[in-house]
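Hi everyone, thanks for coming.

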Amino acid sequence: MFPTVRVFLWWFIVGATMSLAVILVQGGLREVMEAQGSVWDLKLVELLTTIMGGGLLGGCIALILDRIKKA
């Protein structure tokens, strides 16, 4: 696997995990579970996009810093 892909994947996982941790601390997951109606509605989509956004942010920043370090 290419080194840049490895760097991106590692920091993507770290960023997604950190986003999930922030959601758990703020009680967002409890709100989803206590929500009336189906859990697979808008709330779960909002949580997943937040987690993916945190992962993408972490991965992209890692790639930028890796590129600066190599230059």
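Buried in α3 we find L44, L47, I51, G54, G55, G59, A62 and D66. Keep D66 in mind, we'll come back to that residue. And before I go on: this is a predicted model, so please hear everything I say with that in mind.

Okay, how long is α3? The helix covers residues 42–70, which is 29 residues.

Now back to D66. Which residue does the side chain of D66 meet in a salt bridge? The partner is K70, with 3.5 Å from N to O. The cut-off here is 4 Å, so that pair counts. Both residues sit in α3, 4 residues apart, and that is about one turn of the helix. The salt bridge count comes to 1.

Are K70 and D66 buried or exposed? K70 has a relative accessible area of 57%, and exposed means over 50%, so K70 is exposed. D66 comes in at 13%, and buried means under 20%, so D66 counts as buried.

Next, the greasy bit of the surface. L57, I61, I64, L65 and I68 make a nonpolar surface patch of about 510 Å². One of them, L57, is in helix α3, and with 53% relative accessibility L57 counts as exposed.

Let's zoom out to the protein chain. How many helices and strands does the chain have? There are 3 helices and 0 strands, and reading along the sequence you get α-α-α.

What about overall shape? The C-alpha atoms fill a box of roughly 50 × 20 × 15 Å along the principal axes. The radius of gyration is 15 Å, whereas a compact globule of 71 residues would have one near 11 Å.

Last, surface and contacts. Of the 71 residues, 23% count as buried. The accessible surface of the chain is about 5,600 Å², and 73% of that belongs to carbon and sulfur atoms. And if you take contacts between residues at least 6 apart in sequence, 78% of them join residues at least 24 apart.

Note on methods
Residues numbered from 1 in each chain as written. Predicted model: local features only at pLDDT ≥ 70, side-chain atom pairs only at ≥ 80, totals over all residues. Heavy atoms only, no water. Helix = DSSP H or I, 4+ residues; strand = E, 2+ residues; numbered from the N terminus. Expected span 1.5 Å × (residues − 1). Buried < 20%, exposed > 50% of the residue type's maximum accessible area, 1.4 Å probe, protein only. Rg over C-alpha atoms; globule rule 2.2 N^0.38 Å. Contact = heavy atoms within 4.5 Å. Areas by Shrake-Rupley, 256 points an atom, 1.4 Å probe, with all protein chains shown as cover. Patch = residues over 30% accessible without salt bridge, like charges linked within 9 Å, V, L, I, M, F, W, Y side chains within 5 Å.
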